[in-house]
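The following note sets out several points for a first reading of this structure. Please keep the sequence and the model in view while working through them.

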Amino acid sequence: MHWLLESAKPRSARIYQFNLRKLFPPDDEFATCIARLCILREDLSLEIKGIIAGPFDSLDTNTVAWRHNYFFRNSVRTLQEIASALHGLRSVPEFKRTLQKRFSTGERKTFEEFCAQMQDAGGLIGEVRNIMGGHVKHMAVGKGLKLINHDRTGFWERPFSPEDRLAHTRHTFVSELFIAILQAGDGGDDLPPKDVTEVLEIASVMAKLTAAIPHIDSLFELYVAERQLL
């Protein structure tokens, strides 16, 4: 993911201006799928930068860890949406024809392998989204609390002046809660909690799926070339 941080601006770039009605005509499944993926691409790019960039003084007032957790949780939701959008795109006949026409055998193989990777991770993505991504479920929090050791501590910062409390009160213990909830998982009460290695593996799997960004860029280029919009 380092490529997202290499430079604040590109060495050079060309800016294209599109008529948006021609770029994404209504009642057009191919156009709708590509438009959806473009939105999600920008969401994921911002979320990844929120995880790995910084420091950001105004976003790190709780802790850097909580900023990482926040953007990670949002990226999980976005990845699930991207998986859904890709599934829809691959069912569009015009896209299937365009893929065969404009992608080489190697490019098609790389794309299909990534789609398979997204599908394989679907269960994990769904689990994390359900417990802390799209929702913060009451039952998931309750399960996580059961895993916290009796000697685990956390911090709460509360300014003395009431005038400062709204802007500067910090519940920094929430990062500890987040890890406990991930460890508890979304399974039944009879399932054992995840150990630290398994929790770290979640982040590793999600990091690999950020390859969605260059894949979506390639799909947009394929789309505008097929529609002769460049």
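1. A nonpolar core is a set of buried Ala, Val, Leu, Ile, Met, Phe, Trp, Tyr and Cys residues joined through side-chain atoms within 4.5 Å. The model under review is predicted. Its largest nonpolar core holds 44 residues, among which Ile82, Phe95 and Met206 touch the most other members. Two or more residues of this core are given by each of the helices H2 (29-52), H3 (64-89), H4 (93-102), H5 (105-120), H6, H9, H10 (196-208) and H11 (212-226). Helix H2 supplies the largest share, eight residues.

2. Leaving aside residues up to four places away in sequence, Ile82 touches Leu37, Leu40, Leu44, Met118, Ala212 and Ile216.

3. Where is Glu47 placed? Glu47 is in helix H2. This residue is buried yet has no salt bridge. The nearest side chain of opposite charge is that of Arg77, 4.9 Å away, whereas a salt bridge requires a distance within 4 Å. When residues up to four places away in sequence are not counted, Glu47 touches Phe71, Asn74, Ser75 and Thr78.

4. How many disulfides does a search of the whole structure find? The search finds zero. In general, a disulfide is a covalent bond between the sulfur atoms of two cysteines. As to accessibility, Cys33 counts as buried, at 9% relative accessibility, while Cys38 is partly exposed, with a relative accessible area of 24%.

5. The buried residues of H6 are Ile125, Gly126, Glu127, Val128, Arg129, Ile131, Met132 and Gly133.

6. Helix H9 covers residues 174-184. Which of its residues are buried? They are Ser175, Phe178, Ala180, Ile181, Leu182, Gln183 and Ala184. After H9 comes Gly185, whose phi is positive, near 75°.

Technical notes:
Residues numbered from 1 in each chain as written. Predicted model: local features only at pLDDT ≥ 70, side-chain atom pairs only at ≥ 80, totals over all residues. Heavy atoms only, no water. Buried < 20%, exposed > 50% of the residue type's maximum accessible area, 1.4 Å probe, protein only. Helix = DSSP H or I, 4+ residues; strand = E, 2+ residues; numbered from the N terminus. Disulfide = S-S within 2.5 Å. Contact = heavy atoms within 4.5 Å. Lys, Arg positive; Asp, Glu negative; His and termini not counted.
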